[in-house]
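Here are a few friendly notes to read with the model open beside you. Take them one at a time, and find each residue on screen as you go.

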Amino acid sequence: MAMVSMNFFVPSLNSPNLRPTKRYSGMAVAASNQDAVALGVTVTQGEGNLPKLLLTSDHGSEAEIYLFGGCITSWKVPSGRDLLFVRPDAVFDKKKPISGGIPHCFPQFGPGLMQQVVLNTKSLSTELKVTNTDNKPFTFSTALHSYFRASITGVSVKGLKGCKTLNKDPDPKNPIEGREERDAITFPGFVDCIYLDASNEVHLDNGLGDVISIRNTNWSDAVLWNPHLQMEACYKDFVCVENAKIGTIQLEPEQSWIAKQHLSIA
């Protein structure tokens, strides 16, 4: 079995490159680069007394990251609008992943995981890196189960027309194959659908006045999900638009796999 290694770096505010000055074992990674604005970083206690980071850019955008799971739970643009959503039934007890924000779907043991976060005025970028530290190959699949704040009756997603689909409604164990023919996908009821060989950019209209560009590198597939009446208390307030790698990836010893996601608004 390969080792799982996750690290977290707190950037120094004295450097334009935000070089890491502290390292925490067993966490995710927050970092920046020369193109990102300088960040203010605060370590504080969140829900369930779990430690979390508050990242603030010079222009007023903010991100909130729980060290448990490296989960981004909030992304506020300078206007104060939070574009991510955390479910009201989310638990913060270290017994299960946080239900909301941008959690990792990585159910298999073996690889090393590292996520980096770059916060700009109107964009948020993440990078996921999986490294095989074992002496034998292993396989995995993965996704970013991203929850976006929304008004579901006004939500639409563009950029997936022509994709092969695997519709998991009504039977998730036997998805129905098809082809997406719509320019704009809406959510009038329960939706749980995989889009294979998806575009590297889709656009989410969240029904609240924001159009979010979701660009990716090396995430080959996409998933749309809204539970409708299965979560009657909150389904109207969010939608999941996920970058995914549905097919099996095999990593040889010492090999790495990297995928990136870039969220932005106009």
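1. Let us begin with a term used below: a residue counts as buried when its relative accessible area is under 20%, and as exposed when that area is over 50%. Keep in mind too that you are looking at a predicted model.

2. How far can you trust it? The chain has a mean pLDDT of 84, and 81% of its residues reach 70 or more. Over residues 1–38, however, the pLDDT is below 50, although the model gives this stretch 110 contacts beyond near neighbours in sequence. Residues 107–114 also stay under 50, with 36 contacts beyond four places in sequence. Where pLDDT is low, the predicted coordinates should not be read in detail.

3. Now look for aromatic rings. A pair of them is described by the distance of the centres and the angle of the planes. Searching the whole structure gives 8 aromatic pairs. In one of them, Tyr66 and Phe92 are tilted, with 5.2 Å from centre to centre and 45° between the planes. This pair links distant parts of the chain, 26 residues apart: Tyr66 lies in strand S5 (residues 62–66), while Phe92 sits in the loop between strand S6 (71–76) and strand S7 (104–105).

4. A second tilted pair joins Phe138 and Phe140, with 5.9 Å between the centres and 35° between the planes. Phe138 has a relative accessible area of 11% and is therefore buried. Phe140, at 1% relative accessibility, counts as buried too.

5. Which residues make up an aromatic cluster? Phe85, Tyr147, Trp225 and Phe238 form one together.

6. Next, trace a hairpin. Strand S17 (residues 201–205) and strand S18 (residues 211–217) pair in the antiparallel sense through 5 bridges. One example to find is His203, whose bridge partner in S18 is Ser213. Between the two strands of the hairpin are 5 residues, and in the turn Gly207 has a positive phi of about 75°.

7. S18 has another partner to look at. It runs antiparallel to strand S21 (residues 256–265), and 6 bridges join the two. Here Ile214 stands opposite Leu263 in S21. As you follow the strands, recall that in a regular strand the side chains alternate between the two faces of the sheet.

Key:
Residues are numbered from 1 along each chain as its sequence is written. This is a predicted model: local features need pLDDT of at least 70, side-chain atom pairs count only at pLDDT 80 or more; totals for chains, interfaces and linings use all residues. Side-chain values use heavy atoms; hydrogens and water are left out. Two strands pair if DSSP finds at least two bridges between them. Helices (H or I, at least four residues) and strands (E, at least two) are DSSP runs, numbered from the N terminus. Rings of Phe, Tyr and Trp (its six-membered ring) pair if their centres lie within 6.5 Å; planes under 30 degrees apart count as stacked, over 60 as edge-to-face and the rest as tilted. Buried means under 20% relative accessible area, exposed over 50%, partly exposed in between (1.4 Å probe, protein chains only). pLDDT is the predictor's confidence in each residue, from 0 to 100. Contact means heavy atoms within 4.5 Å.
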